[in-house]
Amino acid sequence: MFIGIKITTMNFSKKLSDLKQKHLYRSRKTSENAQDTQLVINGKSLINFCSNDYLSLANHPQVKEALKQGVDQYGVGSGSSHLVSGHSRAHHDLEEALADYTGQDRALLFSTGYSANLGIFSALKEELDWVLQDKLNHASLIDANQLIGLPLQRYLHNDIASLEKKAIKQSGSGMIATDTVFSMDGDRAKIDDLQKIGNFSNAFLMQDDAHGFGIFEPNIPENSIYMATLGKAAGTMGAFVAGNEDFIELLIQKSRPYIYTTAISPAICTATLKSLELIKKGEINAKLQANIQFFRNFSSALNLPIEPSSSAIQPLIIGESKTALKISQTLFNQGFYVSAIREPTVPKNTARLRITLSANHTQTQIEQLLTQVKHALQ
């Protein structure tokens with residue numbers, strides 16, 4: 001019998017109140033239509049400038065038809081993990097197509113990019129003595145590092161000299177981990193330079209290409225690790241890791257998130273195969289690239305302080321979270337959906353509007369958005 005023990009209650013009201021006072025409280029908005037450049041939220045029609053559906057494939061007629069055909073053939077769910085009964089011909093075909101697209105020996109599907117990153121680190125736990133990460137890497141890479149118990153060591157963002165200075169102090173086998181396109185800044189890692197340091201430091205190079213896959217040609221040095229997600233430019237869901245034969249086989253044997261997670265729906269794989277086919281043609285990406293260039297030119301003409309970026313991610317640094325939220329709400333009222341990104345997603349005092357472009361945005365929509373942003377900043 002436990003006597004005099006105080007019962008812990010699930011009361012987090014003060015913590016939640018503190019988040020609200022600091023303008024860091026997060027809430028969800030429920031859309032009422034398909035993911036597209038226009039969303040309906042609470043009956044209000046909005047031009048959507050905060051989706052990661054960069055190539056406008058999430059609602060593409062051919063991708064939707066492929067999904068329907070996949071459901072007809074395979075049903076809805078996979079029923080199990082890949083190593084039990086959940087690995088279908090659709091999974092196998094997609095892995096082969098992704099390996100071919102990236103120029104690697106093999107590819108391995110995961111349910112999410114987050115679990116893929118955790119899976120890579122968990123499989124390499126016994127192989128690594130150190131890890132060096134870019135300061136602005138995605139949270140999943142940080143969490144994966146902590147999962148295997150190695151110290152979190154980060155070099156200055158995209159700073160090769162900073163990485164080199166840290167790398168020469170390491171001993172044993174290591175890994176250099178980086179986003180390929182940084183999710184909140186839109187800039188790109190210097191993959192060739194990172195690989196050179198890896199070669200001299202007895203280190204693997206690992207890149208998380210969640211925001212570049214399908215938009216930029218993959219740059220995957222020999223004997224490096226490549227992870228990309230399928231829920232952004234590809235418009236479906238899931239993720240994959242590509243690499244040499246032995247590494248992929250090691251993941252199958254040692255990656256806990258792979259071994260113990262139900263496989264994604266086979267129907268999703270048939271839809272993704274169609275997405276990949278459309279990506280290879282290049283026509284949709286050409287539309288996106290034209291929109292990026294138009295956005296850069298028009299924002300420059302308006303003297304808007306958009307950060308340098310050649311990707312679909314175009315950040316406008318505001319500073320204070322309160323101000324970023326206010327501007328986001330002003331744009332929402334004017335019919336534009338642009339999220340305010342705040343700490344801890346980005347460093348303190350760098351709250352921003354993260355404007356993301358899609359292939360199906362029109363130049364008129366881009367002009368209208370930037371004009372409203374200009375007014376909101378005045």
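User: Why is arginine 154 called partly exposed?
Analyst: Arginine 154 has 31% relative accessibility. Buried means under 20% relative accessible area, exposed over 50%, and partly exposed in between (1.4 Å probe, protein chains only), so arginine 154 counts as partly exposed. Bear in mind that this is a predicted model, where local features need pLDDT of at least 70, side-chain atom pairs count only at pLDDT 80 or more, and totals for chains, interfaces and linings use all residues. Residues are numbered from 1 along each chain as its sequence is written, and side-chain values use heavy atoms, with hydrogens and water left out.

User: Where does arginine 154 lie?
Analyst: In strand E5, residues 153–155. Strands are DSSP runs (E, at least two residues), numbered from the N terminus.

User: And why is proline 315 called buried?
Analyst: Its relative accessibility is 0%, so proline 315 counts as buried. Proline 315 sits in strand E10, residues 313–319. From proline 315 to phenylalanine 295 it's 20 residues in sequence and 12 Å in space, C-alpha to C-alpha.

User: How do you know that E1 and E2 pair?
Analyst: Two strands pair if DSSP finds at least two bridges between them. E1 (residues 38–41) and E2 (residues 44–48) have four, in the antiparallel sense, so the pairing holds by that rule. Valine 40 stands opposite serine 45 in E2.
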